[in-house]
Amino acid sequence: MAFVRAGQLDDTYEIAQIFLGDPQPLHDLLQKAVGWLLREAGKHDLERLDSWLQPRAASMPRTMLRYAIEKFPEDLRQAFLDAGR
């Protein structure tokens with residue numbers, strides 16, 4: 001979190017990408033943790049989070065996606081949830 005608080009977001013997105021590429025289903029707690037980190041990164045740069053999520057939302061674990069978009073405006077949040085179905 002120290003890196004996220006300092007606005008250094010590259011590691012957050014790299015870690016999230018590693019978990020997305022894992023062929024094993026992610027444990028629920030890992031989904032929550034990664035989604036939470038993405039949400040916190042979005043507080044620093046919402047446009048970057050939005051553009052990172054666009055091509056990945058449909059294949060992301062639902063819990064991870066829900067945590068990541070928790071603070072999005074309702075219409076954008078709903079669009080991501082619909083894409084993830």
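**View 1. Salt bridge of Asp28 and Lys32.** Asp28 and Lys32 form a salt bridge with their closest N and O atoms 3.3 Å apart (a salt bridge is a side-chain nitrogen of Lys or Arg within 4 Å of a carboxyl oxygen of Asp or Glu). The model is predicted: local features need pLDDT of at least 70, side-chain atom pairs count only at pLDDT 80 or more, and totals for chains, interfaces and linings use all residues. Residues are numbered from 1 along each chain as its sequence is written, and side-chain values use heavy atoms, with hydrogens and water left out. Asp28 and Lys32 are four residues apart in helix H3 (residues 28-44), about one helical turn (helices are DSSP runs of H or I, at least four residues, numbered from the N terminus).

**View 2. Salt bridge of Arg39 and Glu70.** The closest N and O atoms of Arg39 and Glu70 are 3.2 Å apart in this salt bridge. Arg39 lies in helix H3 and Glu70 in the loop between helix H5 (62-68) and helix H6 (74-83), so the pair ties together parts 31 residues apart in sequence. Arg39 is buried at 11% relative accessibility, whereas Glu70 is partly exposed at 39% (buried means under 20% relative accessible area, exposed over 50%, partly exposed in between; 1.4 Å probe, protein chains only). Shared partners join Arg39, Glu40, Lys43 and Glu70 into one network of salt bridges.

**View 3. Aromatic pair of Phe72 and Phe80.** The pair is edge-to-face, at 5.7 Å centre to centre with 65° between the planes (rings of Phe, Tyr and Trp, its six-membered ring, pair if their centres lie within 6.5 Å; planes under 30 degrees apart count as stacked, over 60 as edge-to-face and the rest as tilted). Phe72 and Phe80 are both buried.

Key
Helices (H or I, at least four residues) and strands (E, at least two) are DSSP runs, numbered from the N terminus.
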